[in-house]
Amino acid sequence: MTPRPTAGLPALVPALLGLLLVACRAPEAPPAGTALADPFPSQYRVAPHPEQLIRGAIVLDGTGRRLEGVDLRLREGRIAAIGENLPVDGAEVVEAAGRWVTPGIIDAHSHLGVYATPEVWANAEGNELTAPVTAEVWAEHGVWPQDPGFQAARENGGVTTLLVLPGSGNLIGGRGVTLKNVAATTYQEMKHPQAPPVLKMACGENPRRVYGEGKKQAPATRMANVAGYRQAFIDAQIWRQKRDDAAGGKEGAKAPDRDLQMETLAGVLDGQILVQNHCYRADEMAVMLDVAREFGFRITAFHHAVEAYKLGPTLAREGVCAAMWADWWGFKMEAFDGIRENIALVHAADPARSCAIVHSDDAYGIQRLNQEAAKAMAAGQRAGLAIAPEVAIQWITRNPARALGIEAHTGTLEVGKAADVVIWDRDPFSVYALPQQVYIDGSRRYDRRQPAAEPESDFLLGLTPAALESAP
Amino acid sequence: MTRPIALVLLLALLAPAPLHAQAQPVTVIRDATVLTLGPAGTLERASVVLRGELIEAVGRELPVPAGATVIDGRGKVLTPGLFDPYTQLGLKEVDGVKESVDHDAATSEIGPALDVLDGFNPRSSLIPVNRIEGITRALVAPTLGKARLPLAGRGAVVDLRGALAPRSRWLTRGKVAMFGVLGEAAAEAAGDSRLTSLARLREALNELRSEPGPAVARDALLSALDREALRPVLAGELPLVLTVHRASDIERALDLADEYGLKLVIHGGAEAHLLAGELARRQIPVILDPSHNLPARFEALEARDRAPLLLHQAGVLIAIAQLDDKGTHNSRNLRFLAGNAVARGLPAPVALAAISRNPAIIYGLDGRLGTVEAGKLADLVLWSGDPLETTTAAEKVFIQGTDIPLVSRQTQLRDRYLRRGEAR
């Protein structure tokens with residue numbers, strides 16, 4: 001973690017501070033044309049919090065296990081111990097007998113912050129619909145941390161981590177950003193320090209509608225969609241070759257000019273940037289797998305994937321995740337074949353290797369991913385697929401962590417991992433379940449018994465009479 | 001509770017026995033927990049007798065008529081069929097395929113006279129998808145497009161037997177209410193502001209009130225058909241269901257109701273809870289979506305997930321609907337919204353009534369639908385457990401006495417891919 005340049009200088013007058021900042025930064029600035037590894041580094045800090053001992057809960061730990069009546073110790077941001085009758089050792093005790101504990105819920109597909117509420121033009125930041133390939137844009141530069149949806153997702157849905165993606169109007173829509181769901185003034189304070197960048201790509205109807213129908217330009221067809229991805233990666237291959245030749249000191253090689261599109265696409269070819277691919281139809285997913293093979297990159301996850309059930313074994317074999325809704329269907333032609341058993345079928349195609357995810361793509365759905373998983377689990381069970389709650393919980397914890405490239409840090413309750421924890425008042429797969437407490441890196445970020453007097457979002461302050469009436 | 005003589009008398013009054021009554025199939029669901037939503041409340045280990053299209057008897061220890069089909073309801077819950085108070089079922093197949101969408105008043109010169117029945121398709125694939133999960137009736141509403149007037153036309157209540165019903169019998173009742181919009185959407189349709197949409201609405205109602213007048217003026221807002229359609233609204237006979245959110249817009253709607261004698265129903269109502277007392281006093285029902293707890297628009301800054309509870313506590317009759325555009329394809333998810341309202345304190349029987357009995361009351365069909373009582377139409381669902389719970393399924397669905405096969409396009413797709421190796 002990089003300390004801020006201003007740290008330790010609070011007493012200086014602003015003008016002097018400004019000069020100092022310039023003075024401090026100038027030597028650090030890289031030569032023109034040099035790309036920083038991350039020019040917008042995470043400023044997330046683990047909030048100090050007393051050690052917690054959560055006692056006697058029913059735990060779905062995200063590794064596929066269900067543990068009855070065990071204790072969890074949260075210390076210095078991490079899971080320090082899990083077991084029966086752990087000693088108190090000075091920790092604050094949270095009695096959780098009869099309560100259920102899960103890893104923090106992770107949404108692999110959100111537009112919170114980029115399509116914030118209120119849903120007005122001024123807040124619509126998710127789709128750069130000026131060209132079908134906009135690999136150069138980053139969703140994080142559109143994230144509004146005051147979106148009231150963040151707090152609602154944490155308090156009603158137990159969401160501790162979310163991937164905020166650009167929309168799907170473009171073939172290549174830009175980079176997404178993984179956020180910790182904490183109240184913050186800047187997105188850098190929410191940015192997950194360990195999460196790799198991701199690239200949003202989109203199949204199907206949306207780019208065709210926006211460009212072909214809307215602007216009478218390519219892509220008007222799925223043919224042009226595929227041509228568009230291929231041309232972008234052909235350009236990136238050439239640019240990357242020049243970059244590597246120059247870096248390797250090849251004779252006569254000259255480093256290519258900086259190019260934000262090429263830097264991101266080359267990052268994909270390097271395996272440093274994970275591809276998150278909006279794709280509904282099974283046949284289109286198969287085409288995208290071939291495109292990825294042609295250029296030697298991997299698709300980390302297909303998103304929405306309404307027809308993933310038609311391709312379950314292939315997805316498992318290829319090691320590609322499918323992030324899906326429990327039951328959305330029919331809102332466009334490519335979503336017409338949606339079925340309730342989609343998620344369960346993707347999982348059951350190869351329980352050991354498959355990577356089924358329940359995602360939201362929605363400011364309301366993100367508040368009840370647990371219920372969405374429950375519906376998908378129940379539909380699978382009724383179709384004869386044996387899926388236990390301790391397995392289904394992985395659809396909203398471990399598997400999205402895998403798709404976001406942070407499985408080593410979060411997504412399961414294991415000693416040494418981040419203490420991202422939700423305590424539910426009952427079985428989290430019940431329609432009546434609500435988070436009682438939410439911890440992010442061991443810090444309690446929500447407690448239903450002590451709700452905040454004011455909304456977190458600056459936007460809501462003073463706008464609503466009811467909020468004013470309840471103010472102290 | 002079990003008053004067989006009274007029941008028989010009641011039946012004699014309500015359903016004069018057809019000559020061929022003996023030929024009608026009889027089904028008995030036995031030993032279920034029956035949530036009647038009527039005066040009998042909840043009956044444990046009770047039976048319900050269905051004869052033909054009607055419920056013949058409800059109670060404990062009822063005799064099983066000879067030749068009846070018997071369904072074991074032990075450990076299961078029987079409720080009235082669910083009634084979705086606001087959908088576009090039968091008016092759209094795929095939102096993104098405009099040829100298959102018929103609910104929008106769009107640029108029509110005719111507004112209030114539009115009638116959803118002219119576009120309703122009882123063979124829509126959405127109908128089986130939703131009825132096999134317990135939706136037996138739905139209100140089908142037109143929506144507002146770029147209309148001059150903030151009135152979208154007239155809705156119908158349909159039964160979800162759809163193509164299973166004999167032709168011309170799939171209709172429960174047409175023209176049950178007029179649908180309109182106030183607030184941001186109305187302003188947008190009018191092309192500028194709330195001022196224009198309200199003024200146009202008043203102008204139209206004034207035109208009508210000035211009848212009998214000369215032949216329809218060339219610049220009149222209302223066509224002859226529109227006038228005919230609006231007359232029962234102005235007479236306070238046909239409910240006007242207004243989609244309206246901001247508290248001040250609801251207040252304007254109340255002013256209009258006073259001025260013109262309208263019978264109002266509030267739909268949407270994100271801020272209706274701020275006026276709960278007044279709405280209760282005026283007996284104006286509210287149809288709302290408990291999941292809409294974010295300030296999605298400037299007219300919904302006070303959206304709260306406790307809104308159903310606050311309205312109910314004040315004495316407002318509430319119904320639960322889905323506000324977003326996925327709500328028609330997934331009308332089947334209505335019960336989970338009701339469950340979420342229960343998680344925020346709404347009593348469970350009220351939440352169930354909000355998706356069954358109360359919509360029947362709002363649309364004037366509570367004499368025939370909405371409760372499990374002798375004499376009512378046999379719309380019944382037998383659930384594997386708590387009907388509002390995520391893991392519960394509908395195991396038997398009856399619509400007007402028809403035993404609905406639990407098959408849809410989606411179950412057929414599922415079964416096809418379960419059979420194929422690619423899915424295993």
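This is a predicted model: local features need pLDDT of at least 70, side-chain atom pairs count only at pLDDT 80 or more; totals for chains, interfaces and linings use all residues.
Which torsion about the S-S bond makes the disulfide of A:C321 and A:C355 right-handed?

**Stop 1: A:C321 and A:C355**

Select A:C321 and A:C355 and display their side chains. A disulfide joins the two residues, with an S to S distance of 2.1 Å. The torsion about the S-S bond is about 80°, so this disulfide is right-handed. To place the bond in the fold, colour the chain by secondary structure: A:C321 belongs to strand β12 (residues 321-324) of chain A, whereas A:C355 sits in the loop between α8 (342-348) and β13 (356-358) of that chain, so the bond ties together parts that are 34 residues apart in sequence. With a surface displayed, the burial of each end may be examined. A:C321 is buried at a relative accessible area of 2%, and A:C355 counts as buried at 1%.

**Stop 2: A:C203 and A:C279**

Next, select A:C203 and A:C279. These cysteines also form a disulfide, with S to S at 2.2 Å. The torsion about the S-S bond of A:C203 and A:C279 is -90°, and the link is left-handed. The pair connects distant parts of the chain, 76 residues apart: A:C203 is found in the loop between β9 (198-202) and α3 (205-215) of chain A, and A:C279 in strand β10 (residues 274-279) of chain A. Are these two ends buried or exposed? A:C203 is buried, its relative accessible area being 1%; A:C279 is likewise buried, with a value of 0%.

How many disulfides does the structure hold over all chains? The total is two. Counting the bonded cysteines along chain A, the pattern of its disulfides is 1-2, 3-4.

**Stop 3: A:V59**

Remain in chain A and select A:V59, which lies in strand β1 (residues 52-60). A:V59 is buried, with a relative accessible area of 1%. Leaving aside residues up to four places away in sequence, A:V59 touches A:R65, A:R66, A:L67, A:V70, A:L72, A:V101 and A:L413.

**Stop 4: chain B as a whole**

Chain B contains 12 helices and 16 strands. Of its 424 residues, 59% count as buried. Among contacts in chain B between residues at least 6 apart in sequence, 69% join residues at least 24 apart.

**Stop 5: helices α4 and α6 of chain B**

Finally, select residues 194-209 of chain B, which form helix α4, together with residues 247-260 of chain B, which form helix α6. What is the angle at which these helices pack? It is about 15°, with the axes 12 Å apart. The two helices are therefore roughly parallel to each other, and α4(B) passes α6(B) in a right-handed crossing. Show side chains for the contact: α4(B) contributes B:R194, B:L198, B:L201, B:R202, B:L205, B:N206 and B:R209, and α6(B) contributes B:D249, B:L256, B:E259 and B:Y260. Colouring by residue class divides this contact of α4(B) with α6(B) into five nonpolar, one polar and five charged residues.

Conventions. Residues are numbered from 1 along each chain as its sequence is written. Chains are lettered from A and ligands numbered from 1 in the order in which they are written. Side-chain values use heavy atoms; hydrogens and water are left out. Axes are lines fitted to C-alpha atoms, for helices over the stretch in contact, and angles run from 0 to 180 degrees between N-to-C directions. Helices (H or I, at least four residues) and strands (E, at least two) are DSSP runs, numbered from the N terminus. Angles under 35 degrees count as roughly parallel, over 145 as roughly antiparallel, 65 to 115 as roughly perpendicular and the rest as oblique. A crossing is left-handed if the near helix is turned anticlockwise from the far one by less than a right angle, and right-handed if clockwise. Contact means heavy atoms within 4.5 Å. Ala, Val, Leu, Ile, Met, Phe, Trp, Tyr, Cys and Pro count as nonpolar, Asp, Glu, Lys and Arg as charged, and the others, Gly among them, as polar. A disulfide is a pair of cysteine sulfur atoms within 2.5 Å. Buried means under 20% relative accessible area, exposed over 50%, partly exposed in between (1.4 Å probe, protein chains only).
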